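Good morning, colleagues. Please look at the structure on the screen while I take you through its main features.

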Amino acid sequence: MNPRPEVLVVGAGPAGATAAILLAEEGFEVTVLDRAHFPRDKVCGDGLAPRSVGVLRRLGLEDRLTQAGHRPLAEYRIVSTWGDSIRAGLPSYGKGPPYAYVIPRREFDALLVERAREAGAEILEGRRAERLIPGTAAAPAVETEDDRGRRLVMRPRVVVAADGSRGSFSRTVIPSRHLRPIAVAMRQYLDGVEGLDGALSFFLDQPMLPGYGWAFPASREGGPVNVGAGMTVHALKRRGLKVRQVMDWFMGPDSRAFPYLAGARPVGPRAAFPLLIDFPRGRRRRGAVLLVGDAGNLIDPLSGEGIGYALESSVAAAEAISASLHSGDLRELAGYERGIWKELGPEFLGAYALRQFLQQPWGNGGMVRLIERDEALARGGMGVLSNTVPATWLLKPGLWRKILDPSRVRATIKATRPARERNGGAGAAPATSVKAPR
Ligand SMILES: Cc1cc2nc3c(=O)[nH]c(=O)nc-3n(C[C@H](O)[C@H](O)[C@H](O)COP(=O)(O)OP(=O)(O)OC[C@H]3O[C@@H](n4cnc5c(N)ncnc54)[C@H](O)[C@@H]3O)c2cc1C
């Protein structure tokens with residue numbers, strides 16, 4: 001074990017493993033440590049949207065997914081608060097291929113770790129980064145401890161903090177108020193889910209706003225469906241609810257997902273996990289420590305998707321680290337944080353604005369009813385959800401002129417609705433409320 005690698009990566013999730021692969025392939029000495037042993041579970045919807053797949057291709061991993069029996073899933077479904085159900089293909093607009101995968105994180109993350117090891121990174125499992133020793137951000141000294149209590153201080157030139165939404169290490173790097181979870185979600189694998197027809201499905205039932213439920217079919221034939229529900233911490237507190245109760249309601253008879261879930265059986269236990277969705281308050285660098293993925297508050301506020309941003313931020317971090325180690329000037333690391341704001345800032349801020357709108361029943365209900373009239377519009381809407389189309393697309397006046405064009409409205413009132421599901425999806429279950437126990 002080298003206590004002085006050029007790069008120390010804390011956390012071997014998608015973010016950390018990606019940075020390790022890219023830097024080790026360039027020939028840098030990279031050590032990755034994770035407090036867990038792989039394969040390990042991570043509570044997630046397991047959805048790898050087109051942007052994630054785009055980076056996986058670049059890492060040479062998509063072939064391994066298909067060799068392992070995973071097939072692409074090319075459609076999304078949205079069931080709105082008003083009960084309209086649309087299903088449409090995924091557009092990619094150059095940000096990855098027009099499809100997704102749904103792969104259990106236990107399997108996916110282990111694959112990335114294996115790839116990082118093959119690239120030449122040293123992977124230390126069962127070792128946790130306790131803290132950044134105060135005052136060492138510019139020349140990092142990281143206290144670590146393994147499962148058996150053996151301590152080691154590591155002194156790399158650069159640290160990549162990829163310890164996720166629950167990362168205790170990142171909290172010692174930057175003030176913890178920047179790392180407060182905004183939402184929490186629960187996941188359960190189920191067998192016996194009927195009728196999803198290969199579409200990643202989102203349910204915007206009124207009692208779950210501002211949040212939603214999902215049912216994602218597995219990419220591998222016969223695999224369990226990943227079902228979950230999430231809500232903001234603020235809304236849960238205000239209503240005196242636990243996320244478990246939101247999940248119970250979502251899987252119960254009043255939810256619009258029930259027709260799909262009625263005959264389902266649980267596979268394994270339910271589990272919940274926090275989401276750090278606060279992009280504007282996120283800090284992504286301190287001295288020679290770069291924060292990537294969830295640790296850098298890079299979760300989409302609209303969909304909760306974070307794997308794509310974990311991968312993309314790590315690509316950007318690896319580029320900045322490579323440039324600064326080559327030049328010997330670590331000040332170049334600042335380019336990473338600036339680049340994230342430039343690349344992702346408008347996207348995230350647009351997504352916040354759209355979230356305010358879509359968390360209103362009339363907002364998502366009206367939007368789905370309008371876009372269901374046109375396959376191209378429906379695909380655009382799915383693109384927003386899967387982050388291939390920027391949320392600002394929906395704010396374009398030209399789009400609204402198209403949506404609200406009187407001749408289109410007249411024609412579509414009479415015509416069929418190409419994107420709308422003929423059976424109306426899950427039907428029009430009444431919007432009841434989630435109740436806290438007495
Ligand atoms: C319920 C739920 C559903 C979600 N669904 C989706 C989805 O369908 N699609 C999507 O794109 N995103 C989804 N997300 C978000 C996604 O899970 C995260 O964005 C993604 O895991 C971020 O990857 P990461 O590598 O930054 O962090 P993580 O995946 O959390 O990895 C962090 C790693 O760091 C390790 N670690 C933590 N602290 C330390 C320490 N001190 N020392 C050493 N190691 C440490 C952990 O063991 C872990 O392996 C979901 C999130 C939740 C909670």
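This is a predicted model: local features need pLDDT of at least 70, side-chain atom pairs count only at pLDDT 80 or more; totals for chains, interfaces and linings use all residues.

By class, the shell around the ligand holds 18 nonpolar, 14 polar and nine charged residues. Here Ala, Val, Leu, Ile, Met, Phe, Trp, Tyr, Cys and Pro count as nonpolar, Asp, Glu, Lys and Arg as charged, and the others, Gly among them, as polar. Residues are numbered from 1 along each chain as its sequence is written.

In total, 41 residues surround the ligand, and the closest are G13, G45, G164, G293 and G306. Helices (H or I, at least four residues) and strands (E, at least two) are DSSP runs, numbered from the N terminus.

Let me turn to the domains. The protein chain is divided into domain 1 (7-42 + 104-180 + 278-351) and domain 2 (47-51 + 71-101 + 183-275 + 360-438), with bounds that come from an automatic or database domain assignment. Each of the two domains gives at least three residues to the shell around the ligand. Their centres, taken over C-alpha atoms, are separated by 31 Å. The contact between them takes 15 residues from domain 1 and 16 residues from domain 2, where contact requires C-beta atoms, placed from the backbone, within 7 Å. On the side of domain 1 that touches domain 2, α9 and α10 (334-358) each supply at least two residues. The largest share of that side, four residues, comes from α10. By class, that side has five nonpolar, five polar and five charged residues.

Next, the sheets. An open sheet of seven strands has the order β5-β4-β13-β14-β15-β12-β16, and its pairing is mixed; two strands pair if DSSP finds at least two bridges between them. Which strands stand at the edges? They are β5 (85-89) and β16, each with a single partner strand, so one side of each is left without a neighbour in the sheet. On average, neighbouring strands of this sheet are turned by 15° against each other, direction ignored. Strand β4 (residues 75-79) runs antiparallel to β5 and is joined to β5 by five bridges, and I78 stands opposite I86 in β5. Helix α12 (residues 375-385) packs on the sheet, touching β4, β5 and β13 (199-203), and its direction makes about 85° with that of β5. Axes are lines fitted to C-alpha atoms, for helices over the stretch in contact, and angles run from 0 to 180 degrees between N-to-C directions.

A second open sheet has three strands in the order β8-β9-β10, with antiparallel pairing. Its edge strands are β8 and β10 (151-154), each pairing on one side only. The twist averages 30° from one strand to the next. Five bridges pair β8 with strand β9 (residues 142-146), and the bridge partner of A129 in β9 is T144.

Leaving aside residues up to four places away in sequence, E122 touches N2, V30 and T31.

How values were computed: A residue is near a molecule or strand if its C-beta atom, placed from the backbone, lies within 6 Å of it. Two residues are in contact if their C-beta atoms, placed from the backbone, lie within 7 Å.
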